[in-house]
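Below are my notes on what I looked up, roughly in the order I went.

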2 protein chains.
Amino acid sequence: VKRVTVLGCGRVGATLARDLAADPALDVSVVDADQRNLDGIASLGVQTRRMDLGATETIASAVENCDVAVGALPSMLGFRALETVIACGKPYCDISFMAEDGLQLDAIARERSVSAVIDCGVAPGLANMMIGRCHAELDHTEDVTLYVGGLPKVRHWPYEYAAPFSPADVVEEYTRPARLIEHGRVVVKPALSDAELVDFPGIGTLEACNTDGLRSLIHTIDAVHMREKTLRYPGHFELMRVLRETGFFLKDAIDLGGQAVRPIDVTSRLLFPKWSRPDGESEFTVLRVVVAGRKAGASLRYQFDLYDETDARTGQTSMARTTAFPAAIVARMLASGTFAEPGVHPPETLCRDRRIFDQVISELAQRGVVVEEDVAGVSPS
Amino acid sequence: VKRVTVLGCGRVGATLARDLAADPALDVSVVDADQRNLDGIASLGVQTRRMDLGATETIASAVENCDVAVGALPSMLGFRALETVIACGKPYCDISFMAEDGLQLDAIARERSVSAVIDCGVAPGLANMMIGRCHAELDHTEDVTLYVGGLPKVRHWPYEYAAPFSPADVVEEYTRPARLIEHGRVVVKPALSDAELVDFPGIGTLEACNTDGLRSLIHTIDAVHMREKTLRYPGHFELMRVLRETGFFLKDAIDLGGQAVRPIDVTSRLLFPKWSRPDGESEFTVLRVVVAGRKAGASLRYQFDLYDETDARTGQTSMARTTAFPAAIVARMLASGTFAEPGVHPPETLCRDRRIFDQVISELAQRGVVVEEDVAGVSPS
């Protein structure tokens with residue numbers, strides 16, 4: 001029996017804990033600063049510990065007795081936790097979003113012979129695995145497009161969107177310039193540029209725009225063209241462009257009769273109720289990855305499609321499921337030794353090994369998250 | 001020579017002063033609290049007096065020696081000025097917008113044998129004259145629609161609008177419920193309801209929505225259906241509905257970490273630069289009034305169309321011109337005694353007399369403001 005410690009028990013952490021706790025080969029312990037979050041998973045029979053993970057020493061003590069650690073922490077704690085878990089010499093699978101570049105810690109992880117997999121959710125995460133597999137199979141990767149979106153099933157005017165976190169965090173995606181690859185070079189474009197309409201069978205027409213989500217792929221995948229596009233119902237992005245253009249997303253304070261007010265604070269407060277999903281209405285996650293390239297002189301085009309929605313039985317959101325399951329699966333690989341290569345790895349590196357990719361896809365399917373794969377080839381003429 | 005005192009020298013007041021000063025039969029004096037406004041009309045050779053018109057005594061002293069007074073004051077001063085000018089026994093023509101109902105002072109004006117014409121701009125103003133004339137001619141007024149808008153000639157994304165005053169004042173029109181007449185009764189609908197697209201030859205397609213602009217017409221015109229609709233370029237109103245729905249127009253403060261912030265204050269500040277017209281770009285005013293009814297058993301349909309744009313020679317905006325000229329023309333009628341009926345009159349009452357209507361239209365045409373009139377009749381079958 002291996003001991004697994006889950007750092008953080010938000011929606012994703014709780015879903016991770018539930019998944020891991022179902023495995024008799026694992027002894028699961030969950031750590032969070034908020035007792036209510038821990039109470040929420042009391043029925044799982046896992047060990048819970050209330051600890052504030054803001055300090056290095058607390059993180060170190062939280063992972064001290066485990067064989068594998070899994071991170072599902074707020075973005076401001078992510079990098080510090082990664083650094084500390086590596087320093088403690090524990091295998092780590094992380095889905096904490098962080099502004100910092102976790103790959104910077106690769107050399108230290110190798111030195112300590114620790115294996116850490118980061119960005120291991122859906123996108124980043126599963127999408128990287130798909131791209132990593134194709135890139136390994138192709139001689140030449142020409143074009144990569146990653147479409148991803150989490151949306152409410154019921155569309156409410158005017159935004160037709162629900163945010164699982166603070167509107168300010170979403171707005172950050174709508175303002176941070178997007179890095180993409182064009183003709184082999186990194187190009188920076190405004191967020192929400194290059195709008196296109198894309199049809200998804202059974203979902204309908206969604207709108208896709210550039211967002212800054214490629215992260216590690218920019219460094220690890222040698223493609224001619226590569227971009228991430230976020231999906232929303234058509235019209236949402238235009239409203240976001242209007243609010244952005246008007247100044248409602250500004251982080252700098254404006255002076256209102258001696259009062260310094262940050263427009264984004266007002267906007268985030270006003271959007272919060274408009275971007276919350278009414279009780280009883282479900283959400284879904286859609287991911288499409290298209291990779292085109294050449295192998296042995298022939299053109300090949302891979303397309304992966306994932307659609308998942310709120311689990312009516314458990315109430316788990318597709319956002320939590322699709323983010324937590326890849327991490328739970330990889331955590332098991334770290335526990336079993338299936339993957340043990342030292343260093344800090346993004347998911348695409350892991351899936352250069354086709355067996356690992358196939359195992360992830362197969363285990364996701366067992367959890368009801370089905371990835372459809374289509375490979376079309378054109379032989380050299 | 002009659003002495004005319006103009007109260008207020010903003011854009012409209014200055015245009016009024018210029019118009020009246022050109023008349024050798026008038027001796028014009030202009031009063032304003034701001035010396036810069038008075039300096040702007042120094043070249044006209046009119047008498048200027050710097051006085052703060054916030055107090056009753058100042059208004060009384062300002063109109064003391066005149067034969068006719070004309071008001072072009074900010075809305076908060078409008079009603080007080082009307083009351084005071086009546087108390088001073090001076091004929092008065094007013095275009096100051098006021099939230100209060102000036103007709104309340106009708107009995108006092110009759111008592112003092114003073115003739116006052118209020119709301120005497122374009123809409124309210126000229127539009128009321130058109131409706132008043134038709135109503136007087138018809139046996140039965142069935143349907144009245146008043147379309148009005150002031151727009152920039154050059155459309156800038158996203159709002160395609162320029163406000164001659166503070167965005168907060170425009171937003172007030174977008175939030176105050178609209179009173180209209182349906183089936184002979186006053187009905188209240190949300191502002192910006194009943195959107196329709198309307199084509200204007202040479203201008204293109206504009207969008208029209210309900211706004212609360214009928215004012216005195218609700219009481220004076222006995223119509224089956226009557227509504228005012230404001231015109232904007234298509235799409236503007238939808239953005240306004242989105243901002244309103246989100247809460248950006250709220251006048252109640254929200255608490256942001258102990259700071260009380262009124263969303264409308266932030267919004268007005270951010271919209272201000274987006275709603276200003278770049279130097280060198282002109283604006284236009286469009287007014288269409290449609291009145292349908294029956295006369296001697298036949299159906300009659302009147303349509304009046306006015307289009308006016310920034311005067312390239314003087315730089316006067318069409319907003320200032322179309323607002324100031326009807327008041328200047330009526331002020332002359334008061335000075336000459338052409339109109340001298342005691343009481344407080346809205347413009348529609350004045351134009352029950354067809355000769356007055358014709359004179360207004362003819363004098364507007366002399367100033368380059370052309371009203372096209374089309375009357376179509378269907379004889380009883």
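Before counting anything, I wrote down my cut-off: a salt bridge is a side-chain nitrogen of Lys or Arg within 4 Å of a carboxyl oxygen of Asp or Glu. With that rule I get 2 salt bridges between chain B and chain A. I looked at one of them, where the side chains of B:Lys274 and A:Glu245 meet at 3.2 Å, N to O.

Ground rules, for later me. This is a predicted model, where local features need pLDDT of at least 70 and side-chain atom pairs count only at pLDDT 80 or more, while totals for chains, interfaces and linings use all residues. Residues are numbered from 1 along each chain as its sequence is written, chains are lettered from A and ligands numbered from 1 in the order in which they are written, and side-chain values use heavy atoms, with hydrogens and water left out.

**The interface**

How many residues of chain B are in contact with chain A? I find 26 residues of chain B in contact with 26 residues of chain A (contact means heavy atoms within 4.5 Å). The area buried between the two chains is about 2400 Å², and carbon and sulfur atoms give 70% of it. Buried area here is the accessible area (1.4 Å probe) that two parts lose on being put together, summed over both. In chain B, the residues that lose the most area to chain A are B:Trp157, B:Phe248 and B:Leu270, together 24% of what that side buries.

Next I checked polar contacts (a pair of N or O atoms within 3.5 Å; within protein, one must be able to donate a hydrogen and the other to accept it, and residues adjacent in sequence count only if both atoms are side-chain atoms). Between chain B and chain A, 10 residue pairs are in polar contact, both at pLDDT 80 or more.

Which parts of chain B supply at least two residues each of the side that touches chain A? They are helix 9 (236-246), strand 13 (254-256), strand 14 (259-261) and helix 10 (263-274). I take helices (H or I, at least four residues) and strands (E, at least two) as DSSP runs, numbered from the N terminus. Helix 10 of chain B gives the largest share of that side, 8 residues.

**Symmetry**

I superposed chain B on chain A: a rotation of 179 degrees with 0.1 Å of shift along its axis does it, RMSD 0.1 Å. The two copies are thus related as by a two-fold rotation axis.

The peptide bond from A:Trp157 to A:Pro158 is cis, with omega near 0 degrees. A:Pro158 is in the loop between strand 7 (140-152) and helix 7 (167-175) of chain A.

Over in chain B, the bond from B:Ala123 to B:Pro124 is cis, with omega near 10 degrees.

A:Arg215 is not a glycine, yet its phi is positive, near 50 degrees. Is A:Arg215 buried or exposed? At 17% relative accessibility, it counts as buried (under 20% is buried, over 50% exposed, partly exposed in between, with a 1.4 Å probe and protein chains only). B:His183 has a positive phi of about 50 degrees, but B:His183 counts as exposed at 63%.

Terms used
Least-squares fit on C-alpha atoms with pLDDT ≥ 70 in both.
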